[in-house]
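Dear colleague,

My notes on what was found in it follow directly after.

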Amino acid sequence: HDSIFPAIYGTNQVEKIEALGILECYDVSALIVAADLAAKTAIVDLLELRLAKGMCGKSYMTLTGSVSAVQAAIDKAKADSADRGMFLDSSVIARPSDKLMKHIM
C-alpha cells in the first residue's frame, strides 16, 4: 500500500483521530505485511510503523479511521499475523483523548 513508507518514516499527518488502532508483532516482516493488509482492508490511515527500534525485533503500528474501519483493519491484520505465529497484541480505542494522542504522535 502507498502509505507504508510514509508510516515507516513517521511522516503521515492526519487531521482528526476518530479511532486509534494499535497492533504489535514479534518481527518486522510480519508487521509490514499486517500493515499492508490493514491498509487494503478498510479506509484507514496508517499513522506510524515502529520497526524493531530497541525492542529485540518486536514492532508495532498505529492507524486511524472510523471505529468500524479501524476494527475491521485490525481484525484482518491480527488474523493474518496470528496465522503466521507473529501476533503479540492489539487494541482499538474509540475517540482517544487529546492527552493520549500527544504521546502517540
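A residue is called exposed here when its relative accessible area is over 50%, buried when that area is under 20%, and partly exposed in between. Please keep in mind that this is a predicted model.

By that scale, Lys40 is exposed, because its relative accessibility is 57%. Its salt-bridge partner is Asp36, and the closest N and O atoms of the pair are 3.1 Å apart. Asp36 has a relative accessibility of 22% and therefore counts as partly exposed. Both residues belong to helix α2, which spans residues 28-41; because they are four residues apart there, about one helical turn separates them.

The structure contains three salt bridges. In general terms, side chains of opposite charge can pair when their charged atoms come close.

- Arg50 pairs with Glu48, with 2.7 Å between the closest N and O atoms. Arg50 is partly exposed at 31% relative accessible area, whereas Glu48 is buried at 18%.
- Arg84 pairs with Asp80, at a distance of 3.0 Å from N to O. Arg84 is partly exposed at 48% relative accessibility, whereas Asp80 is buried at 19%.

Helix α2 also holds Ile32, which is partly exposed at 29% relative accessibility. Neighbours within four places in sequence aside, Ile32 is in contact with Ile4, Leu49 and Leu51. Ile22 lies ten residues from Ile32 along the chain, and their C-alpha atoms are 13 Å apart.

The largest nonpolar core has 23 residues, and the members that touch the most others are Leu23, Leu31, Val44, Leu46, Leu49, Met61 and Leu63. At least two residues of this core come from each of α1 (4-9), β1 (19-25), α2, β2 (44-51), β3 (59-65) and α3 (67-83). Helix α2 gives the largest share, six residues.

With kind regards

Terms used:
Residues numbered from 1 in each chain as written. Predicted model: local features only at pLDDT ≥ 70, side-chain atom pairs only at ≥ 80, totals over all residues. Heavy atoms only, no water. Salt bridge = Lys/Arg side-chain N within 4 Å of Asp/Glu carboxyl O. Buried < 20%, exposed > 50% of the residue type's maximum accessible area, 1.4 Å probe, protein only. Contact = heavy atoms within 4.5 Å. Core = buried A, V, L, I, M, F, W, Y, C linked by side-chain atoms within 4.5 Å.
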